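Dear colleague,

I am passing on the structure below, together with a short account of what was found in it. Please look through it before reading the notes that follow.

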Amino acid sequence: MKEKNPWHTPVTIIITVIGVIAIVALVTVAVLQNMPLLQKYKYGIVLDAGSSHTSLYIYEWPAEKDNNTGRVEQKHSCTVDGPGISSYASAPPKAGESLRACMREAEEWVPKKRHHETPLYLGATAGMRLLDMENKVVSDKVFEAVKGALEKSPFSYQGARLLKGQEEGAFGWVTVNYLDDRLKQGLETTGALDLGGASTQISFVSDNYDGSESPSNSVTFRLYGNDYTLYTHSFLCYGKDQAQRIRLAEHTQSGPKIVADPCSHPGYSETKKYSVLYDSPCVSDRKPQGAPETFDHTGTGNFQECQEVVKKVFNFTKCKYSQCSFNGVFQPILQGPFGAFSAYYFVMDFLNLTDTSITLEDVKEKLKLYCATPWSQIVQQHPKTKPKYLAEYCFSGTYILTLLIDGYNFTSVSYSDIRFIKKIKGSDAGWTLGYMLNLTNMIPAEAPDTPPLPYAGYVSIVTIIAVLIFILFLVSVRPLWPHCSKQQQIV
Ligand SMILES: O=c1[nH]cnc2c1ncn2[C@@H]1O[C@H](COP(=O)(O)OP(=O)(O)O)[C@@H](O)[C@H]1O
Ligand SMILES: [Ca+2]
(Lines give C-alpha, C1' and ligand atoms only; values in the text may rest on other atoms or scores of the structure.)
(Ligands and ions follow the chains in the order given, each with its own letter.)
Protein backbone atom coordinates (compact mmCIF):
# COMPACT_ATOMS: atom_id res chain seq x y z
CA MET A 1 0.00 0.00 0.00
CA LYS A 2 1.30 3.47 -0.89
CA GLU A 3 2.46 5.30 2.24
CA LYS A 4 0.70 8.56 2.92
CA ASN A 5 2.93 11.69 2.55
CA PRO A 6 3.27 12.94 6.15
CA TRP A 7 3.21 16.57 4.85
CA HIS A 8 -0.29 16.01 3.54
CA THR A 9 -1.86 15.39 6.90
CA PRO A 10 -4.51 17.94 7.86
CA VAL A 11 -2.53 19.13 10.92
CA THR A 12 0.60 20.10 8.95
CA ILE A 13 -1.44 21.68 6.18
CA ILE A 14 -3.32 23.81 8.72
CA ILE A 15 -0.11 24.74 10.57
CA THR A 16 1.62 25.68 7.31
CA VAL A 17 -1.28 27.75 6.00
CA ILE A 18 -1.67 29.58 9.32
CA GLY A 19 2.09 30.16 9.46
CA VAL A 20 2.26 31.56 5.93
CA ILE A 21 -0.77 33.78 6.55
CA ALA A 22 0.82 35.01 9.80
CA ILE A 23 4.10 35.88 8.05
CA VAL A 24 2.34 37.65 5.19
CA ALA A 25 0.17 39.56 7.67
CA LEU A 26 3.13 40.51 9.85
CA VAL A 27 5.25 41.73 6.95
CA THR A 28 2.33 43.54 5.33
CA VAL A 29 1.39 45.38 8.52
CA ALA A 30 5.01 46.35 9.19
CA VAL A 31 5.57 47.52 5.63
CA LEU A 32 2.31 49.46 5.35
CA GLN A 33 2.76 51.07 8.72
CA ASN A 34 6.23 52.32 7.86
CA MET A 35 5.89 52.94 4.16
CA PRO A 36 6.58 56.54 3.05
CA LEU A 37 3.25 58.06 2.12
CA LEU A 38 2.52 58.44 -1.54
CA GLN A 39 4.72 61.31 -2.70
CA LYS A 40 2.57 64.38 -2.10
CA TYR A 41 3.99 67.87 -2.29
CA LYS A 42 3.48 71.06 -0.39
CA TYR A 43 4.15 74.54 -1.67
CA GLY A 44 5.16 77.98 -0.48
CA ILE A 45 5.30 81.27 -2.38
CA VAL A 46 7.57 84.25 -1.67
CA LEU A 47 7.57 87.55 -3.53
CA ASP A 48 10.86 89.43 -3.52
CA ALA A 49 9.89 93.09 -3.92
CA GLY A 50 13.31 94.52 -4.78
CA SER A 51 14.21 98.09 -5.66
CA SER A 52 14.44 97.38 -9.40
CA HIS A 53 11.86 94.64 -9.87
CA THR A 54 9.67 92.05 -8.14
CA SER A 55 10.12 88.29 -8.55
CA LEU A 56 7.81 85.52 -7.39
CA TYR A 57 9.27 82.19 -6.29
CA ILE A 58 7.32 78.96 -5.84
CA TYR A 59 8.95 76.37 -3.58
CA GLU A 60 8.00 72.71 -3.36
CA TRP A 61 8.78 69.95 -0.85
CA PRO A 62 7.55 66.42 -0.12
CA ALA A 63 4.58 66.64 2.24
CA GLU A 64 5.89 64.16 4.81
CA LYS A 65 9.27 65.88 5.12
CA ASP A 66 8.07 69.18 6.54
CA ASN A 67 10.79 69.52 9.12
CA ASN A 68 13.40 67.42 7.54
CA THR A 69 15.77 69.21 5.27
CA GLY A 70 17.64 69.74 2.07
CA ARG A 71 14.45 68.90 0.24
CA VAL A 72 12.82 72.26 -0.48
CA GLU A 73 13.33 73.18 -4.09
CA GLN A 74 12.41 76.10 -6.29
CA LYS A 75 9.73 74.85 -8.64
CA HIS A 76 9.14 78.02 -10.63
CA SER A 77 9.90 81.73 -10.67
CA CYS A 78 8.10 84.60 -12.35
CA THR A 79 9.45 88.08 -13.00
CA VAL A 80 6.84 90.79 -12.54
CA ASP A 81 6.58 93.15 -15.50
CA GLY A 82 7.59 96.72 -14.80
CA PRO A 83 9.72 98.31 -12.08
CA GLY A 84 9.95 97.56 -8.35
CA ILE A 85 6.93 98.38 -6.16
CA SER A 86 8.70 101.45 -4.69
CA SER A 87 8.51 103.05 -8.15
CA TYR A 88 4.71 103.24 -7.88
CA ALA A 89 4.85 106.00 -5.25
CA SER A 90 2.79 108.30 -7.47
CA ALA A 91 0.19 105.59 -8.27
CA PRO A 92 0.17 102.97 -5.45
CA PRO A 93 -2.78 100.89 -6.76
CA LYS A 94 -0.68 100.08 -9.82
CA ALA A 95 1.85 98.34 -7.57
CA GLY A 96 -0.87 95.83 -6.66
CA GLU A 97 -2.03 95.44 -10.24
CA SER A 98 1.52 94.77 -11.42
CA LEU A 99 1.59 91.51 -9.43
CA ARG A 100 -1.51 90.05 -11.06
CA ALA A 101 0.08 88.20 -13.99
CA CYS A 102 2.62 86.36 -11.80
CA MET A 103 -0.06 85.53 -9.22
CA ARG A 104 -2.14 83.95 -11.97
CA GLU A 105 0.88 81.99 -13.12
CA ALA A 106 1.36 80.75 -9.56
CA GLU A 107 -2.26 79.51 -9.49
CA GLU A 108 -1.43 77.32 -12.45
CA TRP A 109 1.83 75.97 -11.03
CA VAL A 110 0.47 75.04 -7.62
CA PRO A 111 -2.09 72.18 -7.74
CA LYS A 112 -5.54 73.58 -7.07
CA LYS A 113 -6.26 71.43 -4.02
CA ARG A 114 -3.11 72.84 -2.36
CA HIS A 115 -3.96 76.51 -2.99
CA HIS A 116 -5.67 77.24 0.33
CA GLU A 117 -2.83 75.74 2.41
CA THR A 118 0.05 77.32 0.44
CA PRO A 119 1.60 80.16 2.46
CA LEU A 120 2.19 83.37 0.51
CA TYR A 121 4.66 86.01 1.70
CA LEU A 122 5.94 89.30 0.28
CA GLY A 123 9.14 90.87 1.53
CA ALA A 124 10.25 94.28 0.34
CA THR A 125 13.87 95.35 0.45
CA ALA A 126 15.92 98.50 -0.01
CA GLY A 127 13.74 100.34 -2.56
CA MET A 128 10.87 100.35 -0.05
CA ARG A 129 13.30 101.10 2.80
CA LEU A 130 14.25 104.29 0.96
CA LEU A 131 10.64 105.17 0.15
CA ASP A 132 9.74 104.56 3.79
CA MET A 133 12.45 107.03 4.85
CA GLU A 134 11.35 109.54 2.26
CA ASN A 135 7.59 109.34 2.70
CA LYS A 136 6.07 106.90 5.17
CA VAL A 137 2.49 107.72 4.15
CA VAL A 138 3.17 106.82 0.52
CA SER A 139 5.10 103.65 1.38
CA ASP A 140 2.15 102.52 3.55
CA LYS A 141 -0.15 103.10 0.57
CA VAL A 142 2.05 100.95 -1.65
CA PHE A 143 1.98 98.18 0.98
CA GLU A 144 -1.82 98.49 1.23
CA ALA A 145 -2.08 98.09 -2.53
CA VAL A 146 0.09 94.96 -2.69
CA LYS A 147 -1.66 93.48 0.35
CA GLY A 148 -5.02 94.02 -1.35
CA ALA A 149 -3.81 92.19 -4.45
CA LEU A 150 -2.32 89.26 -2.51
CA GLU A 151 -5.32 88.82 -0.22
CA LYS A 152 -7.48 88.28 -3.30
CA SER A 153 -5.41 85.25 -4.30
CA PRO A 154 -6.57 81.74 -3.34
CA PHE A 155 -3.34 81.16 -1.37
CA SER A 156 -2.89 81.48 2.37
CA TYR A 157 -1.67 85.08 2.54
CA GLN A 158 0.75 85.52 5.45
CA GLY A 159 1.69 89.19 5.13
CA ALA A 160 3.67 91.76 3.17
CA ARG A 161 6.39 93.60 5.07
CA LEU A 162 9.60 95.52 4.90
CA LEU A 163 12.63 93.35 5.61
CA LYS A 164 15.35 94.77 7.79
CA GLY A 165 18.77 94.87 6.15
CA GLN A 166 19.96 92.33 8.72
CA GLU A 167 17.20 89.90 7.81
CA GLU A 168 17.96 90.27 4.12
CA GLY A 169 21.61 89.40 4.75
CA ALA A 170 20.95 86.59 7.21
CA PHE A 171 18.26 84.84 5.12
CA GLY A 172 20.52 85.02 2.05
CA TRP A 173 23.16 83.22 4.13
CA VAL A 174 20.61 80.60 5.27
CA THR A 175 19.54 79.98 1.65
CA VAL A 176 23.08 79.44 0.38
CA ASN A 177 24.05 77.12 3.23
CA TYR A 178 20.77 75.21 3.17
CA LEU A 179 21.05 74.53 -0.56
CA ASP A 180 24.70 73.54 -0.16
CA ASP A 181 23.62 71.06 2.57
CA ARG A 182 26.05 72.66 4.99
CA LEU A 183 23.69 73.24 7.91
CA LYS A 184 22.36 69.73 8.41
CA GLN A 185 25.84 68.26 8.24
CA GLY A 186 27.36 70.93 10.49
CA LEU A 187 30.01 71.73 7.85
CA GLU A 188 31.97 74.98 7.63
CA THR A 189 29.56 77.53 6.23
CA THR A 190 29.72 79.70 3.12
CA GLY A 191 29.51 83.49 3.43
CA ALA A 192 26.88 85.32 1.38
CA LEU A 193 27.40 88.45 -0.72
CA ASP A 194 24.23 89.98 -2.16
CA LEU A 195 24.32 93.02 -4.44
CA GLY A 196 21.00 94.70 -5.15
CA GLY A 197 20.11 97.96 -6.80
CA ALA A 198 19.66 99.95 -3.58
CA SER A 199 21.53 97.99 -0.92
CA THR A 200 24.19 95.35 -0.55
CA GLN A 201 24.70 92.70 2.13
CA ILE A 202 27.67 90.78 3.47
CA SER A 203 27.12 87.85 5.88
CA PHE A 204 29.57 85.26 7.15
CA VAL A 205 30.67 83.27 10.17
CA SER A 206 34.12 84.20 11.43
CA ASP A 207 36.04 82.43 14.21
CA ASN A 208 37.06 85.92 15.34
CA TYR A 209 33.52 87.13 15.84
CA ASP A 210 31.40 86.14 18.83
CA GLY A 211 28.95 89.02 18.51
CA SER A 212 30.37 91.05 21.40
CA GLU A 213 32.02 93.71 19.23
CA SER A 214 29.25 95.63 17.43
CA PRO A 215 26.34 93.40 18.57
CA SER A 216 24.02 95.06 16.05
CA ASN A 217 25.86 93.12 13.35
CA SER A 218 25.24 89.74 14.91
CA VAL A 219 22.47 87.26 14.22
CA THR A 220 22.40 83.97 16.09
CA PHE A 221 20.78 80.78 14.86
CA ARG A 222 20.44 77.29 16.24
CA LEU A 223 19.95 75.00 13.27
CA TYR A 224 19.97 71.19 13.35
CA GLY A 225 21.63 71.25 16.75
CA ASN A 226 24.44 73.64 15.75
CA ASP A 227 24.83 77.21 17.04
CA TYR A 228 25.89 79.90 14.60
CA THR A 229 26.86 83.49 15.32
CA LEU A 230 26.61 85.22 12.02
CA TYR A 231 28.15 88.57 11.17
CA THR A 232 25.89 90.49 8.80
CA HIS A 233 25.67 94.02 7.51
CA SER A 234 23.47 95.71 4.94
CA PHE A 235 24.72 98.94 3.36
CA LEU A 236 21.76 101.05 2.34
CA CYS A 237 22.52 103.16 -0.76
CA TYR A 238 25.36 100.81 -1.76
CA GLY A 239 23.39 98.72 -4.21
CA LYS A 240 24.76 99.33 -7.68
CA ASP A 241 22.02 101.73 -8.86
CA GLN A 242 22.24 103.98 -5.80
CA ALA A 243 26.06 103.82 -5.80
CA GLN A 244 25.91 105.02 -9.41
CA ARG A 245 23.81 107.99 -8.26
CA ILE A 246 26.24 108.80 -5.43
CA ARG A 247 29.12 108.70 -7.89
CA LEU A 248 27.36 110.90 -10.44
CA ALA A 249 26.39 113.27 -7.64
CA GLU A 250 30.13 113.70 -6.92
CA HIS A 251 30.59 114.65 -10.59
CA THR A 252 27.76 117.11 -10.69
CA GLN A 253 28.22 119.20 -7.55
CA SER A 254 28.93 122.29 -9.61
CA GLY A 255 25.82 121.68 -11.75
CA PRO A 256 27.66 121.23 -15.08
CA LYS A 257 25.94 120.94 -18.45
CA ILE A 258 28.30 118.20 -19.60
CA VAL A 259 29.59 115.31 -17.47
CA ALA A 260 32.65 113.47 -18.87
CA ASP A 261 32.38 110.08 -17.14
CA PRO A 262 35.36 107.68 -17.09
CA CYS A 263 32.99 104.81 -16.19
CA SER A 264 31.01 105.13 -19.45
CA HIS A 265 32.24 104.03 -22.86
CA PRO A 266 33.87 106.51 -25.28
CA GLY A 267 31.18 107.79 -27.65
CA TYR A 268 28.38 107.26 -25.09
CA SER A 269 26.15 110.30 -24.73
CA GLU A 270 22.77 110.59 -23.07
CA THR A 271 20.81 113.62 -21.88
CA LYS A 272 19.73 113.16 -18.26
CA LYS A 273 17.62 115.18 -15.86
CA TYR A 274 19.09 116.53 -12.63
CA SER A 275 15.69 116.06 -10.96
CA VAL A 276 15.75 112.32 -11.76
CA LEU A 277 19.38 111.79 -10.69
CA TYR A 278 18.80 113.46 -7.32
CA ASP A 279 15.41 111.85 -6.65
CA SER A 280 16.63 109.52 -3.91
CA PRO A 281 17.39 109.94 -0.20
CA CYS A 282 20.89 108.59 -0.96
CA VAL A 283 21.77 111.84 -2.78
CA SER A 284 18.88 114.30 -2.37
CA ASP A 285 20.72 116.41 0.23
CA ARG A 286 23.53 117.07 -2.27
CA LYS A 287 21.42 118.43 -5.11
CA PRO A 288 23.32 121.40 -6.59
CA GLN A 289 21.56 124.73 -6.37
CA GLY A 290 20.89 126.56 -9.62
CA ALA A 291 21.84 123.61 -11.83
CA PRO A 292 20.33 123.44 -15.33
CA GLU A 293 17.42 121.09 -15.90
CA THR A 294 19.49 118.51 -17.78
CA PHE A 295 23.08 117.43 -18.33
CA ASP A 296 24.81 115.48 -21.08
CA HIS A 297 26.23 112.28 -19.65
CA THR A 298 29.17 111.42 -21.91
CA GLY A 299 31.80 108.68 -21.62
CA THR A 300 35.60 108.63 -21.69
CA GLY A 301 36.04 104.91 -20.89
CA ASN A 302 39.01 105.08 -18.55
CA PHE A 303 39.07 102.21 -16.04
CA GLN A 304 41.79 103.66 -13.75
CA GLU A 305 39.98 106.98 -13.46
CA CYS A 306 36.71 105.13 -12.99
CA GLN A 307 38.26 103.22 -10.09
CA GLU A 308 39.33 106.51 -8.51
CA VAL A 309 35.87 108.04 -8.69
CA VAL A 310 34.21 104.84 -7.49
CA LYS A 311 36.53 104.75 -4.45
CA LYS A 312 35.19 108.18 -3.45
CA VAL A 313 31.79 106.59 -2.84
CA PHE A 314 33.28 104.90 0.24
CA ASN A 315 34.51 106.55 3.39
CA PHE A 316 37.58 104.86 4.84
CA THR A 317 38.62 107.47 7.40
CA LYS A 318 36.81 106.65 10.63
CA CYS A 319 36.69 103.34 12.47
CA LYS A 320 35.92 103.08 16.20
CA TYR A 321 36.20 99.28 16.16
CA SER A 322 39.17 96.91 15.93
CA GLN A 323 38.58 96.85 12.18
CA CYS A 324 36.08 98.16 9.67
CA SER A 325 34.92 97.62 6.13
CA PHE A 326 33.91 101.19 5.23
CA ASN A 327 31.78 104.09 6.49
CA GLY A 328 32.89 103.23 10.04
CA VAL A 329 31.11 99.85 9.96
CA PHE A 330 32.67 97.02 11.95
CA GLN A 331 33.69 93.91 10.05
CA PRO A 332 35.57 90.91 11.47
CA ILE A 333 38.35 89.20 9.52
CA LEU A 334 36.94 87.64 6.37
CA GLN A 335 36.51 83.91 6.47
CA GLY A 336 35.61 82.12 3.27
CA PRO A 337 34.34 80.59 1.06
CA PHE A 338 31.79 83.12 -0.21
CA GLY A 339 28.90 82.91 -2.64
CA ALA A 340 28.20 86.20 -4.48
CA PHE A 341 24.79 86.42 -6.12
CA SER A 342 22.11 88.71 -7.58
CA ALA A 343 23.75 91.68 -9.39
CA TYR A 344 27.24 90.33 -8.54
CA TYR A 345 26.41 87.41 -10.80
CA PHE A 346 24.54 89.33 -13.53
CA VAL A 347 27.43 91.77 -13.98
CA MET A 348 30.34 89.35 -13.70
CA ASP A 349 28.58 86.85 -15.95
CA PHE A 350 28.02 89.50 -18.62
CA LEU A 351 31.66 90.53 -18.40
CA ASN A 352 32.82 86.88 -18.57
CA LEU A 353 34.51 87.31 -15.21
CA THR A 354 32.81 84.67 -13.06
CA ASP A 355 36.00 82.59 -13.00
CA THR A 356 37.76 83.73 -9.83
CA SER A 357 40.77 81.51 -10.40
CA ILE A 358 42.12 84.13 -12.81
CA THR A 359 44.26 86.73 -11.07
CA LEU A 360 42.87 90.05 -9.96
CA GLU A 361 45.40 91.73 -12.26
CA ASP A 362 43.90 89.89 -15.22
CA VAL A 363 40.38 90.81 -14.11
CA LYS A 364 41.37 94.48 -13.99
CA GLU A 365 43.10 94.23 -17.37
CA LYS A 366 39.97 92.77 -18.96
CA LEU A 367 37.78 95.43 -17.40
CA LYS A 368 40.16 98.14 -18.61
CA LEU A 369 39.83 96.87 -22.18
CA TYR A 370 36.07 96.56 -21.84
CA CYS A 371 35.61 100.10 -20.49
CA ALA A 372 37.76 101.53 -23.30
CA THR A 373 35.65 99.83 -26.00
CA PRO A 374 33.68 102.42 -28.01
CA TRP A 375 29.97 102.55 -27.20
CA SER A 376 28.97 101.95 -30.84
CA GLN A 377 30.89 98.67 -30.80
CA ILE A 378 29.36 97.61 -27.48
CA VAL A 379 25.84 98.24 -28.78
CA GLN A 380 26.62 96.35 -31.97
CA GLN A 381 28.04 93.35 -30.11
CA HIS A 382 25.09 93.07 -27.71
CA PRO A 383 21.94 93.89 -29.66
CA LYS A 384 19.72 91.95 -27.24
CA THR A 385 20.96 93.44 -23.97
CA LYS A 386 18.88 96.20 -22.35
CA PRO A 387 20.64 99.52 -23.16
CA LYS A 388 20.24 100.59 -19.51
CA TYR A 389 22.29 97.60 -18.32
CA LEU A 390 24.69 97.85 -21.25
CA ALA A 391 25.56 101.46 -20.48
CA GLU A 392 26.46 100.53 -16.91
CA TYR A 393 28.47 97.30 -17.02
CA CYS A 394 31.81 99.15 -17.04
CA PHE A 395 30.74 101.05 -13.91
CA SER A 396 29.11 97.98 -12.32
CA GLY A 397 32.19 95.78 -12.84
CA THR A 398 34.44 98.49 -11.42
CA TYR A 399 32.06 99.03 -8.52
CA ILE A 400 31.99 95.29 -7.69
CA LEU A 401 35.79 95.05 -7.65
CA THR A 402 36.14 98.19 -5.54
CA LEU A 403 33.44 97.08 -3.10
CA LEU A 404 35.05 93.66 -2.67
CA ILE A 405 38.67 94.75 -2.47
CA ASP A 406 38.67 98.24 -0.97
CA GLY A 407 35.32 97.93 0.79
CA TYR A 408 35.28 94.42 2.27
CA ASN A 409 39.07 93.87 2.20
CA PHE A 410 39.25 90.87 -0.09
CA THR A 411 42.83 90.41 -1.27
CA SER A 412 44.30 88.97 -4.46
CA VAL A 413 44.45 85.68 -2.52
CA SER A 414 41.02 85.67 -0.85
CA TYR A 415 39.34 86.86 -4.08
CA SER A 416 39.55 83.25 -5.27
CA ASP A 417 37.38 82.22 -2.28
CA ILE A 418 34.46 83.95 -4.00
CA ARG A 419 32.11 82.06 -6.29
CA PHE A 420 29.77 84.12 -8.45
CA ILE A 421 26.55 82.14 -8.46
CA LYS A 422 23.02 82.48 -9.75
CA LYS A 423 21.51 79.19 -8.70
CA ILE A 424 22.39 76.32 -6.39
CA LYS A 425 20.85 72.95 -7.33
CA GLY A 426 18.17 74.68 -9.39
CA SER A 427 17.12 77.26 -6.77
CA ASP A 428 18.04 80.94 -7.05
CA ALA A 429 20.48 82.23 -4.45
CA GLY A 430 18.79 85.07 -2.55
CA TRP A 431 17.00 85.76 0.72
CA THR A 432 13.57 84.37 -0.25
CA LEU A 433 14.12 80.66 0.43
CA GLY A 434 15.78 81.32 3.82
CA TYR A 435 12.89 83.64 4.69
CA MET A 436 10.29 80.98 3.94
CA LEU A 437 12.21 78.19 5.72
CA ASN A 438 12.33 80.42 8.78
CA LEU A 439 8.67 81.44 8.76
CA THR A 440 7.42 77.91 8.18
CA ASN A 441 9.78 76.54 10.89
CA MET A 442 11.18 74.16 8.37
CA ILE A 443 14.68 74.18 9.83
CA PRO A 444 14.49 72.61 13.29
CA ALA A 445 16.76 73.88 16.07
CA GLU A 446 17.76 70.31 16.90
CA ALA A 447 18.93 67.63 14.51
CA PRO A 448 15.93 65.51 13.54
CA ASP A 449 15.93 61.87 14.75
CA THR A 450 16.76 59.64 11.86
CA PRO A 451 15.54 56.01 11.80
CA PRO A 452 18.39 53.63 12.72
CA LEU A 453 17.80 51.57 9.57
CA PRO A 454 17.09 52.48 6.00
CA TYR A 455 13.63 51.42 4.85
CA ALA A 456 14.79 48.47 2.66
CA GLY A 457 16.95 47.13 5.49
CA TYR A 458 14.02 47.37 7.87
CA VAL A 459 11.74 45.36 5.54
CA SER A 460 14.39 42.67 4.98
CA ILE A 461 15.02 42.23 8.69
CA VAL A 462 11.29 41.98 9.51
CA THR A 463 10.88 39.33 6.78
CA ILE A 464 13.90 37.25 7.86
CA ILE A 465 12.85 37.30 11.52
CA ALA A 466 9.30 36.27 10.61
CA VAL A 467 10.55 33.34 8.50
CA LEU A 468 12.93 32.24 11.28
CA ILE A 469 10.13 32.34 13.85
CA PHE A 470 8.00 30.23 11.56
CA ILE A 471 10.76 27.65 11.06
CA LEU A 472 11.33 27.50 14.83
CA PHE A 473 7.64 27.02 15.28
CA LEU A 474 7.58 24.17 12.76
CA VAL A 475 10.52 22.51 14.46
CA SER A 476 8.93 22.84 17.90
CA VAL A 477 5.70 21.22 16.72
CA ARG A 478 7.63 18.45 14.96
CA PRO A 479 6.52 15.81 17.50
CA LEU A 480 2.95 16.40 16.36
CA TRP A 481 3.81 15.57 12.78
CA PRO A 482 2.12 12.25 11.86
CA HIS A 483 5.29 10.42 10.61
CA CYS A 484 7.25 11.49 13.71
CA SER A 485 4.51 10.16 16.00
CA LYS A 486 4.60 6.88 13.99
CA GLN A 487 8.40 6.63 14.42
CA GLN A 488 8.06 7.26 18.16
CA GLN A 489 5.50 4.45 18.34
CA ILE A 490 7.92 2.05 16.55
CA VAL A 491 10.72 2.96 19.00
O1 LIG B 1 20.52 91.19 -16.33
C2 LIG B 1 20.91 92.03 -15.53
N3 LIG B 1 22.05 92.73 -15.75
C4 LIG B 1 22.53 93.64 -14.89
N5 LIG B 1 21.92 93.95 -13.74
C6 LIG B 1 20.79 93.30 -13.48
C7 LIG B 1 20.22 92.33 -14.32
N8 LIG B 1 19.08 91.87 -13.76
C9 LIG B 1 18.94 92.53 -12.59
N10 LIG B 1 19.96 93.40 -12.43
C11 LIG B 1 20.22 94.32 -11.32
O12 LIG B 1 20.25 93.59 -10.11
C13 LIG B 1 19.85 94.47 -9.06
C14 LIG B 1 18.76 93.79 -8.30
O15 LIG B 1 18.45 94.56 -7.22
P16 LIG B 1 17.06 94.46 -6.45
O17 LIG B 1 15.95 94.91 -7.33
O18 LIG B 1 16.96 93.12 -5.87
O19 LIG B 1 17.26 95.58 -5.38
P20 LIG B 1 17.46 95.56 -3.78
O21 LIG B 1 17.92 94.18 -3.43
O22 LIG B 1 18.50 96.59 -3.50
O23 LIG B 1 16.13 95.91 -3.21
C24 LIG B 1 19.44 95.79 -9.72
O25 LIG B 1 20.51 96.68 -9.68
C26 LIG B 1 19.16 95.37 -11.15
O27 LIG B 1 19.38 96.42 -12.05
CA1 LIG C 1 17.58 92.04 -3.92
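**The shell around ligand 1**

Helices α4 (126-134), α7 (240-251) and α10 (343-350) each supply at least two residues of the shell around ligand 1, where helices (H or I, at least four residues) and strands (E, at least two) are DSSP runs numbered from the N terminus. The model is predicted, so that local features need pLDDT of at least 70 and side-chain atom pairs count only at pLDDT 80 or more, while totals for chains, interfaces and linings use all residues. Residues are numbered from 1 along each chain as its sequence is written, and chains are lettered from A and ligands numbered from 1 in the order in which they are written.

The greatest contribution to this shell comes from α10, with 3 residues. In total 20 residues surround ligand 1, the closest being Gly50, Ser52, Thr125, Gly196 and Gly197; a residue is near a molecule if its C-beta atom, placed from the backbone, lies within 6 Å of it.

Leaving aside neighbours within four places in sequence, Thr200 is in contact (C-beta atoms, placed from the backbone, within 7 Å) with residues including Asp194, Phe235 and Leu403.

With best regards

Notes
Contact = placed C-beta atoms within 7 Å.
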